[in-house]
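Subject: Structure for you to look through

Hello,

I am handing over a structure that I would like you to read with the text below beside it.

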Amino acid sequence: MLEISNLTKSYGRHLALKDVSFHLEEGEIFGLLGPNGAGKSTLIRIVNQILDQNSGHIKFKGDLFRREHLKNIGYLPEERGLYREMTVENHGIFLGRLRGMNATESRKALDYWLERFDILSWKKKRIEELSKGMAQKIQFIFTVLHEPKLIILDEPFSGFDPLNVELIKAEIQSMKAQGRTIMLSTHNMYSVEEICDRALLLNQGTKILEGRVTELRDEHKTGQYTVRFEGNMIGFVNALWSGFEIMETREFGNNRFEADLAMRGDSSIDNLMSVLIGHVKVEAIFEKLPGMQEVFIQAIQAAQNAEVA
Amino acid sequence: MRNSWIIALREWSERIGSRTFILFSILGPITVLTVLYMLFAYGGKTATRWNVLITDPTNLMEGKIMAQKDSMIHYSFADDYIEVEEFANAKRYQNYDAMVEVNEKVLSNKTGFVFYRQLPSKVLEKKVQYQVERRLEEVLVKQFTSLSLLDFKKIKQPLNLSFRNVYDPHDESQDKRAWVGLFFGLVIFIFIALFAMSLLRSTSREKSNRIVEVLLGSVRPMQLMFGKILGIGMAALFQFSIWLVTITIGLLVMRTTLFPDYLQSNLNQSVQIDSQVRATNDIELAFTSFEYNEFVDLVFDRVQFTPMVLAFILCLIGGYLFYSSLFSAVGASVGSESDGQQFVIPLILLLCFGVYAGYFAMENPEAPLTTWLYYLPFTAPSVVMVKLSQGFLPGQAYSLILVGLILLISSLLMLWISGRIYKNGILKFGHRLKLGHFFKWTKNN
């Protein structure tokens, strides 16, 4: 769907993007991750033709990216902005027309989305009459109004309450089910784990990780296991022999606990099961996978260490 | 172009729907008409009424002077000689402001004297001269010819001799019409200042509330800038049209209702004169209206409104394009909304200089600097209006085309430069704007 090759962009002496290449597949949710100043916004702006790259190229469905392709993109920037004095309806029609729709099509699409979000009564309201969260929701609608094939969302969940975060997530997944591609730039790693198929991590303008989210987590797993049990913590500790090391414990009340264990030597999950039976009532044992947050931190630290070295 | 048009329509509808626009559209022309009315009604008049005593011992004038009473002068007649000292000091003559001597010598010498207590205005002077002269003319016609007064009026055609300085044969420096040109120039710069400032504010607001990033996802920076300039310019032109129509209607209403004497005087030639009295009245009215008020004369007769309005629209468009692209570039370059103030002041000063250039051109029409200011796009809108109001010689019309071309080309050039600054500056935030940024962003791609 979108192929980015050797993209480089500098602002004066500052190199914002350094030879970045990746691709987006049709119908996937792609996470664009990175600390502040990593070059995510620059990358997104280049894709949206707001900025010109110094070198490299972008292809959309096999063709070199041109301005006409922008009609196929829906872009929600991180810094939200709307004309405060315009009504929701007029604003929607205005943006719809800028993206190639006519007024009737824009109005029809707006009605569809307002009804879908159960906010049809906002149609005649001026933007300044809406709360921040309401305006965010309207802006999301404006982004997808023209049914773009590629949707670029920069921090789409910021400013939303948990209910609306779930609502937007559901919409993103629904659009994915329709075969649309979504590029998501966010610091909310939990969302990335939850909805992204693949992710790319940028640091100081350089790509440091790219892959399927599950694979990235697998690659960064530490071999720890989590045991959830009911019983006595002293009994649990006594049952473990030198082949296991307790890393962290959590108490849930009513003699229910969770412990993260690291295996030593040749210890296996079978060994663990056998030593625990009879001492505590084991509810679950599973391999502890790092969250994207940990993957993110580990990768950034590794990159920084490599740079120092 | 389609996207620029969509942006322009949004700007247009935002402005014409705003209260400020509606208020300015209504109050603006009303204020201009009120000022014009005050000038028409009081501008050329002396505040006091003049009480004139005519000494006519031979009863030449038969105690008559005007068929109609004059609102500014009241005449009384005395049938004996009055010494100047007596008139000056006697208590019974203290109510009279002036004394006119009419005797047999006046007819033979064609010279008379008017003794005043306080120097009258030129209008009063001319009125007294005209009214006494006309009455004596009637007396002479009656005495020495067999013509009726009506026939005499038909034969007698006034000839206006305009006195011109040989070094200023077009009377440009003294021409009151130049003030009208300057007024037009001033209006152009007021419109430019108002709407270009509105453009600057709107651009910096779009930048600070970040809607610009959403827009730039669909339109090029140049298209956005041009759309905004076009939309706000359309609103300015629309407002100007409202002003033009309202002021024109107001002037017509004034001409036909509040100042009908002037209209009558203009129609003199077509009016069927059916009596001597009527003829006399009309001539008097023609005179009184001619001298009634220099502003009435200036506005209703001497200004060539059609070419002036056409030139006004062209200068407004050219000047607006030129200045608005500058203001737009500043709006796009600011780091915060308040940041632009330091660069707005020089732009406002530039606009003030534009107005001053018009005044300079009026005062020094032949100065070499005026020629430069005429062609300079910063000052052309006001100087062109002044020069146009003063009138061109047939061979000078080319200069109007030339200045139009210069204004158009420099406006396009300014649009291009500002477009580059706009493109490079619109997504830069949080910096403190320096002059160097403009040069840097003009060069950068």
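What follows is what was found, one region at a time.

This is a predicted model, in which local features need pLDDT of at least 70, side-chain atom pairs count only at pLDDT 80 or more, and totals for chains, interfaces and linings use all residues. Residues are numbered from 1 along each chain as its sequence is written, while chains are lettered from A and ligands numbered from 1 in the order in which they are written.

Let me begin with strand 8 (residues 181-185) of chain A, where five of its five residues are buried, a residue being buried if 20 or more other C-beta atoms, placed from the backbone, lie within 10 Å of its own. Strands are DSSP runs of E with at least two residues, helices are runs of H or I with at least four, and both are numbered from the N terminus. Thr181(A), Met183(A) and Ser185(A) cover one side of this strand, and Ile182(A) and Leu184(A) the other.

Strand 8 of chain A runs parallel to strand 3 (residues 29-33) of chain A, joined by four bridges, and two strands pair if DSSP finds at least two bridges between them. Strand 7 (residues 150-154) of chain A also pairs with strand 8 of chain A in the parallel sense, over five bridges.

Elsewhere in chain A, four strands form an open antiparallel sheet in the order 12-13-11-14. Strand 12 (244-253) and strand 14 (281-287) of chain A stand at the edges with a single partner strand each, so one side of each is left without a neighbour in the sheet.

Best wishes

Technical notes: Buried ≥ 20, exposed ≤ 12 C-beta atoms within 10 Å, placed from the backbone.
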